[in-house]
Amino acid sequence: VVTGDTSVRPATQLLNRVFADWTGESAGASDPMSHPTQDGGIVLVHRPGSVQAEVRIGHVLPTGDSPDWRALDVAIHHLGAGPSGLLFRELRERLGFTYSATATAERRTGPGLLEVAFAARNEVAADALGEALRLMDEVASRPMAEEDLSAAVDFLTGVFPLQNETPQQAVTRLANGLVRGWEDLGFDPILRELRALTAGEVRRAFADAVDPSRADIVVVGDAVVLQPQLAIYGDVRVELPDGTPLSMAELAPSGRSAPLSAVRLPMDSYRYDVTLQGQSVGSLMREFEGDEAERTAT
């Protein structure tokens, strides 16, 4: 794909010269990827001492050649595209659970990806998760209001020319479409498709693609605080950041240890270094002196 201040003849001559000695075989048509199955559930990554939780809700979407993608773009914009999205309006403005909440979609050759993302204080993290799932279910079960549909379509049709106005943007869109085998409809047909969508079509496309009860959920935070709250939404698998499984029994406080006595410490100087993520953040020096009967720490 070539864009820029050129024409067919000089561009063709240049390409023929550069690729004259290039040989290779066609990649051929790949088998269409099947839609991955989702069993839902929650993975809780233990980060002790965290005062807030990072939450991600993921769900696979149809393959990039699905005719439903125009409607899905509208539905996901309505769900979580910035301050106008349901997630922001409800989780931040009405409930005050989070500073920001978004929903984004990635269109791929194979199955796409929906991701809902937000952070919330520990004490409201489970409630925020429940509200996010409820809003996803609302988009799937109830047609959006006409004013919301108009706002979403107006935004998407308005931003589309801005996303394709430079040679770099245009060549990226065209090349991605060719590589993935998607038909390039051009500006006007795409804008007409968006403007022709109805609220019912948008709801149906989202409902066919997304089942909130089968979404995969990942939460990063203090498992001791969060696990009991999150358990109301299903099975919670607690892990370390490297994926090592943890049981809640392993996180339970152990019995109190015996108090430290300095009696058995030999008289000497002791230095303690404190590091955080490999960086020194402080040190402490202790000198023990005195006789066997009575020692003091200075």
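The lining of the largest cavity in this structure has 5 nonpolar, 1 polar and 2 charged residues. The model is a predicted one.

**The cavity**
- A search of the whole structure turns up 1 cavity of 30 Å³ or more.
- The volume of the largest cavity is about 40 Å³.
- Its lining is made up of His78, Val139, Arg142, Pro143, Met144, Ala199, Val202 and Arg203.
- Helix α8, residues 199-209, contributes the most to this lining, with 3 residues.
- Rolling a probe the size of a water molecule over the atoms shows where empty space is left.

- In soluble globular proteins, nonpolar side chains tend to be buried together.
- Here the largest nonpolar core has 60 residues, and Ile57, Val74, Phe118 and Phe206 are those with the most contacts inside it.
- Helix α4, residues 125-141, gives the most to this core, with 10 residues.
- Leaving aside neighbours within four places in sequence, Phe118 is in contact with residues including Ala53, Val55, Ile57, Leu91, Ala101, Ala128, Leu129 and Ala132.
- The contacts of Phe118 also include Glu54, Arg56, Thr98 and Ser100.

**Helix α3**
- Helix α3 spans residues 86-94, and Leu86, Leu87, Phe88, Glu90 and Leu91 are buried in it.
- Leu91 of this helix is also among the contacts of Phe118.
- The cover over the buried residues of α3 includes helices α2 (69-80) and α4, along with strands β3 (101-106) and β4 (111-121).
- After α3 comes Gly96, which has a positive phi, near 65°.

Note on methods. Residues are numbered from 1 along each chain as its sequence is written. This is a predicted model: local features need pLDDT of at least 70, side-chain atom pairs count only at pLDDT 80 or more; totals for chains, interfaces and linings use all residues. Side-chain values use heavy atoms; hydrogens and water are left out. On a 1 Å grid over the protein atoms alone, a cavity is a set of points where a 1.4 Å probe fits but cannot get out, and a pocket is an open set with protein on both sides within 12 Å along at least five of seven lines; lining residues have an atom within 4 Å of a point. Grid points are joined across faces, edges and corners, and a volume is the space filled by probe spheres set on the points. Helices (H or I, at least four residues) and strands (E, at least two) are DSSP runs, numbered from the N terminus. Ala, Val, Leu, Ile, Met, Phe, Trp, Tyr, Cys and Pro count as nonpolar, Asp, Glu, Lys and Arg as charged, and the others, Gly among them, as polar. A nonpolar core is a set of buried Ala, Val, Leu, Ile, Met, Phe, Trp, Tyr and Cys residues joined through side-chain atoms within 4.5 Å. Buried means under 20% relative accessible area, exposed over 50%, partly exposed in between (1.4 Å probe, protein chains only). Contact means heavy atoms within 4.5 Å.
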